[in-house]
Amino acid sequence: MQLTVLGCWAPYPRCSGACSGYLLQEDGRSLLIETGNGVISRMLQHIDIQDLDAVIISHLHPDHVMDIYCLRHAIEAANREGRMEKLVPLYLPTGPAEEFNRIKEFTKAFHIHVIDELPEPKEVVIDGFKVKFVPGKHNLPAYSMSIEGSKRLVYSGDTAYNPELVKLANNADLFLCEASGLEKDAAYLKENHLTARQAGELAKTAGVKRFMITHFYPEYVLTELQQQAAEGFGGPVELAREGYTLDI
Ligand SMILES: [Zn+2]
Ligand SMILES: [Zn+2]
């Protein structure tokens, strides 16, 4: 099971960078997690559009969703030209309604699945992966997720500290967690995001096997975030790096 980081910045990218996007692949299946701005161009460095099997969007903030608008056109064109003969399953939450209502019209590209409407405990098979969603603590409806193939990835999405995420991340093979700021900015982040240290403490409590931080504000020095996450975790912390593919 391989994860490629397509974008790691929030809420805007560094020069030549992209916002949230991750490509998960196993046995020829390709699942895109998040469609932040700049992500589709980077995805096409790794797969052709017709090889995309499914998309999950954790929440509808622009840094996680903007490229759905160009992905829609890429899928429609591929179907029109006969390079593709399918709609792509798209899992997303419904809020804010204005954003959701625009995307739900893209029925010539996607089979829309609403995460909010999945029966509890929100477990579903997507592209052959066993996926479980838990609500995050964020200023929009947002989800953290466990995605299990031969290994298990847990991805935080955007969230403040959440005991349900600790449970979800328990013993994960890879925990990909947002680390949106340094401790000095904890008051600014506290309702919606994790500091790097909090992400580290959460990973430690969950007993994850491997820990990678992401969702970086461009103003920070990343090694400082890494250092604070490592202090919380008590072990090695990897930084999400764009274009980096790792075997989970
Ligand atoms: Zn974000
Ligand atoms: Zn967000």
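**Note on the sheet and salt bridges of a predicted model**

1. D27 and R29 form a salt bridge in which the closest N and O atoms are 3.8 Å apart, a salt bridge being a side-chain nitrogen of Lys or Arg within 4 Å of a carboxyl oxygen of Asp or Glu. D27 counts as exposed because its relative accessibility is 70%, whereas R29, at 19%, counts as buried; here buried means under 20% relative accessible area, exposed over 50%, and partly exposed in between, with a 1.4 Å probe and protein chains only.

2. On the basis of the work: this is a predicted model, in which local features need pLDDT of at least 70 and side-chain atom pairs count only at pLDDT 80 or more, while totals for chains, interfaces and linings use all residues. Residues are numbered from 1 along each chain as its sequence is written, chains are lettered from A and ligands numbered from 1 in the order in which they are written, and side-chain values use heavy atoms, with hydrogens and water left out.

3. The whole structure holds 15 salt bridges. Among them is the one between D53 and K86, with the closest N and O atoms 3.4 Å apart. This pair links distant parts of the chain, since D53 lies in the loop between helix 1 (39-43) and strand 4 and K86 in the loop between helix 3 and strand 5, 33 residues apart. D53 is partly exposed at 21% relative accessible area, and K86 is partly exposed at 29%.

4. E164 and K167 also meet in a salt bridge, at 3.1 Å from N to O. Both lie in helix 5 (residues 163-169), three residues apart, about one turn of the helix; helices (H or I, at least four residues) and strands (E, at least two) are DSSP runs numbered from the N terminus. E164 counts as partly exposed at 38% relative accessibility, while K167 is exposed at 58% relative accessible area. Elsewhere, salt bridges that share partners join E26, D27 and R29 into one network.

5. Seven strands make an open sheet in the order 6-5-4-3-2-1-14, with mixed pairing, where two strands pair if DSSP finds at least two bridges between them. Strand 6 (110-114) and strand 14 (245-247) stand at the edges with a single partner strand each, so one side of each is left without a neighbour in the sheet.

6. Within this sheet, strand 1 (residues 2-7) and strand 2 (residues 21-26) pair in the antiparallel sense over five bridges, and the bridge partner of T4 in strand 2 is L23.
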